Amino acid sequence: MAVFALLILFDQWTKSLAVENLMNKDPFVLVDGVFQLRYLENRGAAFGMMQGKQTFFIISATIAVLAITYVYFKLPWQKRFHGLRTVGLFIAAGAVGNLIDRVMLGYVVDFFYFELINFPIFNVADIYVTCATIILAVLILFYYKEEELDCIFPSKKEKV
């Protein structure tokens with residue numbers, strides 16, 4: 001749980017740095033034409049979708065964190081399941097990091113911008129969620145067997 005708290009604290013710290021150093025200022029260019037730090041108050045979801053639907057996002061994040069917590073404690077306490085627990089921590093920390101912003105500010109502070117590909121502006125919590133979700137997909141598709149995951153969601157296969 002200390003890792004979970006540290007991940008959230010790091011996300012919130014980077015957002016406070018963005019507010020302090022980027023708000024109401026020109027973007028800070030790290031690599032001209034490629035990558036910059038640019039302050040944005042995001043009142044929607046990824047790619048600016050669903051602007052102003054804060055209640056929906058708050059409820060969704062809460063449900064996601066509760067589901068991840070359920071799975072976290074339902075998993076066997078074996079080394080083999082360490083990967084699932086780790087990605088769960090990162091996804092939950094990202095959800096909580098952005099949830100804190102939504103509840104406290106009414107928006108999420110974003111600040112990373114890949115100008116080269118005009119990628120939507122994002123933050124550390126978004127990185128947690130995106131990278132961990134990709135790793136989760138790889139783990140489920142290529143590492144864990146279906147029988148191993150039955151401890152979380154038992155399958156109801158009929159015996160022939």
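The side chains of Arg-80 and Glu-148 meet in a salt bridge, with N and O 2.3 Å apart, a term that stands for a side-chain nitrogen of Lys or Arg within 4 Å of a carboxyl oxygen of Asp or Glu. Arg-80 lies in the loop between helix 2 and helix 3, and Glu-148 in helix 5 (residues 146–149), so the pair ties together parts that are 68 residues apart in sequence. Helices here are DSSP runs of H or I with at least four residues, strands are runs of E with at least two, and both are numbered from the N terminus. The model is a predicted one, in which local features need pLDDT of at least 70 and side-chain atom pairs count only at pLDDT 80 or more, while totals for chains, interfaces and linings use all residues. Residues are numbered from 1 along each chain as its sequence is written, and side-chain values use heavy atoms, with hydrogens and water left out.

Arg-80 counts as partly exposed because its relative accessibility is 27%, where buried means under 20% relative accessible area, exposed over 50%, and partly exposed in between (1.4 Å probe, protein chains only). The charged end of Arg-80 also sits over the ring of Tyr-143, 4.1 Å from its centre; for this, NZ of Lys or CZ of Arg must be within 6 Å of the ring centre and within 35 degrees of the ring normal.

Side chains of opposite charge can pair when their charged atoms come close, and the structure holds four salt bridges. In one of them, Asp-101 meets Lys-15 at 3.1 Å, N to O; this pair links distant parts of the chain, since Asp-101 is in helix 3 and Lys-15 in helix 1 (residues 2–22), 86 residues apart. Asp-101 is buried, with a relative accessible area of 3%, and Lys-15 counts as buried at 3% relative accessibility. Glu-41 forms a salt bridge with Arg-43, their closest N and O atoms being 3.4 Å apart; here Glu-41 is partly exposed at 26%, and Arg-43 is partly exposed at 35%.

We can now turn to helix 2. Its 21 residues (54–74) should span 30 Å at 1.5 Å a residue, and its end C-alpha atoms are 30 Å apart, which agrees; the expected span is 1.5 Å times one less than the number of residues. The buried residues of helix 2 are Gln-54, Phe-57, Ala-61, Val-65, Ile-68 and Tyr-72. Seen down the helix axis, these buried residues fall within an arc of 65°, so they line one face of helix 2, the arc being that of the directions from the axis to the C-beta atoms. An α-helix has 3.6 residues a turn, so residues three or four places apart point the same way. The buried residues of helix 2 pack against helix 3 (82–105), contact meaning heavy atoms within 4.5 Å, whereas Thr-55, Ile-63 and Leu-66 are exposed on the other side of helix 2.

The rings of Phe-73 and Trp-77 have centres 6.3 Å apart and planes at 55°, so the pair is tilted. Phe-73 is partly exposed at 49% relative accessibility, while Trp-77 is exposed at 58%.

Terms used
Phe/Tyr/Trp six-rings, centres within 6.5 Å; stacked < 30°, edge-to-face > 60°.
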